[in-house]
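Student: I would like to learn how to read a model like this one, feature by feature. Could we go through it together?

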Amino acid sequence: MKTILAHGLAWAALCASAADAPPLPYEAKATHVGVVNCASSLCHGSITQWKDSQVLQNEYVTWSRVDKHALRANQVLWNERSKRIVANLGLRQPAHEAKLCVDCHGHNPPDALRGERFKAADGVSCEACHGPAEHWIKSHVAPGATHEENLKNGLYPTEDPVALARLCLSCHFGNKDKFVTHRIMGAGHPRISFELDTFTQTQPPHFVVDEDWQKRKGRWDGVRVWAIGQALAAQESLDVVLDPKRGRDGLFPELVVFDCHACHHPMSETRWKPRVGTRPGTIRFNDANLLMLRQIVRQTFPAESATFNDLVLQLHRAVAGEGGDAHEAARRLHKGLDAVVAKLRPREFDDRDLRAILAGLVEDGIAGQYGDYAGAEQASMAIASVLNFLARRGKLANVRAANAALDRVFETVRDDEKYRLERFQAALAELKTFVAR
Ligand code: HEC
Ligand code: HEC
Ligand code: HEC
Ligand code: HEC
């Protein structure tokens, strides 16, 4: 009874914070008109950018030609791999008809909210990210239309890093409505990796953050996007632990929130090394995002560092059966992350912050903190982003050599199954010479 009550309270707390958030595009109660309505050459389908427009006007062309969300996201559901996944799961429908798959590999609003020109085959379409256009399609092009009015009419606030993270993570990790479980991965679905800033840059972007953008939408700070992306990703994993429906699979907890390679490596290779809060032969919570947050909190709000690290340690200890209740630890950390996000939202990052974060990541890496592949993968993406910001600000002395050193870091995380901590550490030690300057 006591634990049931605790779960109930945890859920109430989670729902309270989620209630302030705008509905995700697939949850919104308005009609989705279809990509074709955005695609005309006078709207977002121009072949070239317009010089005197606030936006590029060629967004459709970028999306349809080079963005994997357009065709590929949906087309992969017809391939052999998808057939195998669906067969292994024992689903009756083909993948391109199964809600389980289409919810992420396309835009799947309820039938009643699909306009005449809506096409499921369009994949992850404009409205999958920008929200159903019924109430803003006309008004967003009216003379003098402001961004606030567009938002009121149901445009999704993609410029807000918290809303952005929730949106991308809804498919690039999953949420209460859609989710790639370990069973789906066991059936053949690839492991999903995500980092908000890197993925926003590689989508590729169909927008430029110039003066005009910032006047309409506020400041865009890539480091803040990265940091908030880490906090929300960590919260999504904790949500799985706390969700009585998603959190368990028979006798076991849902395995997706743990370090994949803790279980998936040959027994002949004993790799265990002492790590904060873990013991040999126990399963580790995948703390890749938490390791990044440790850096972020340490550099940005040093006074909170000890408390934050303690919340993480309590979770690790509880997961490993070293004391404490894992749900309680997850709930407390989730709440701690709410506070981190609230502090990050208004935070501006200067060059000194960038250098401190970079140095911290490299030092932690050399010291062996990223022994698990997922942590090393996140650290590599973070280091690349921070170096990129410094280079764009003209604050990186030897960009070419730094890039070459960064390539060597990425080489060590290219294949998760061949990851070796020692090689990652050596590549970081080499990169370190560029961080100091
Ligand atoms: C929670 C969202 C989500 C669900 C549910 C989901 N997927 Fe995926 N899937 C993704 C994402 C995101 C990727 C891309 C991973 C990456 O490359 O980072 C992906 C990748 C894939 C790939 C590899 C694509 C490629 O380009 O090689 C296949 C195949 C696939 N999914 C099939 C399926 C099938 C079949 C289902 C239903 C059983 C399904 N997925 C359910 C999000 C999802
Ligand atoms: C995977 C999500 C995603 C999809 C799909 C998507 N967008 Fe975007 N879009 C974004 C993000 C993120 C931004 C940047 C944040 C912002 O400006 O609000 C953006 C920005 C924009 C902007 C604003 C640029 C500015 O200067 O204000 C326009 C216009 C736009 N997208 C049009 C489109 C059109 C048209 C499509 C479909 C052809 C589309 N988008 C598909 C995520 C998406
Ligand atoms: C409705 C679900 C959905 C949403 C929302 C979504 N994505 Fe995706 N995204 C996918 C799927 C599915 C794929 C895999 C496409 C493939 O390779 O088959 C993908 C692929 C990508 C890729 C290419 C990855 C690779 O391996 O090459 C990037 C980059 C990306 N997404 C970024 C984003 C960003 C940034 C956002 C938020 C603005 C976002 N996505 C929102 C479903 C989604
Ligand atoms: C607690 C241990 C554990 C963790 C953590 C774990 N797995 Fe597994 N995984 C298993 C077991 C057990 C099987 C079933 C193996 C079998 O059927 O031979 C399995 C099966 C699989 C398979 C199918 C392998 C096959 O031979 O058919 C894939 C793919 C997979 N897991 C991926 C992942 C990914 C990706 C993650 C991390 C997100 C992960 N696993 C985390 C234990 C784990």
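Student: How many aromatic pairs does a search of the whole structure find?

Tutor: Nine aromatic pairs are found. Rings of Phe, Tyr and Trp (its six-membered ring) pair if their centres lie within 6.5 Å; planes under 30 degrees apart count as stacked, over 60 as edge-to-face and the rest as tilted. Keep in mind that this is a predicted model: local features need pLDDT of at least 70, and side-chain atom pairs count only at pLDDT 80 or more, while totals for chains, interfaces and linings use all residues. Residues are numbered from 1 along each chain as its sequence is written, chains are lettered from A and ligands numbered from 1 in the order in which they are written, and side-chain values use heavy atoms, leaving out hydrogens and water.

Student: Why is the pair of Phe 173 and Phe 179 called tilted?

Tutor: Their planes meet at 55°, with the ring centres 5.8 Å apart, so the pair counts as tilted. Elsewhere, Tyr 370, Tyr 373, Tyr 419 and Phe 424 form one aromatic cluster.

Student: Is Phe 179 buried or exposed?

Tutor: Buried means under 20% relative accessible area, exposed over 50%, and partly exposed in between (1.4 Å probe, protein chains only). Phe 179 is buried at 11% relative accessibility, and Phe 173 is buried with 17%.

Student: Which charged end sits over the ring of Phe 179?

Tutor: A charge sits over a ring if NZ of Lys or CZ of Arg is within 6 Å of the ring centre and within 35 degrees of the ring normal. Here that is Arg 246, 5.0 Å from the centre of the Phe 179 ring. Lys 343 lies over the face of Phe 301, at 5.3 Å from the ring centre.

Student: Which histidines coordinate the iron atom of ligand 3?

Tutor: Donors are N, O and S atoms within 2.8 Å of the metal (3.2 Å for Na, K and Ca); water is not among the atoms, so sites may look incomplete. His 69 and His 172 coordinate this iron through NE2, at 2.0 Å. The two are 103 residues apart in the chain. His 69 is partly exposed at 22% relative accessibility, and His 172 is partly exposed at 26%.

Student: What polar contacts does ligand 4 have with His 182 and His 264?

Tutor: A polar contact is a pair of N or O atoms within 3.5 Å; within protein, one must be able to donate a hydrogen and the other to accept it, and residues adjacent in sequence count only if both atoms are side-chain atoms. A polar side-chain atom of His 182 lies 2.8 Å from a nitrogen atom of ligand 4; for His 264, the distance to a ligand 4 nitrogen is 2.7 Å.

Methods
Helix = DSSP H or I, 4+ residues; strand = E, 2+ residues; numbered from the N terminus.
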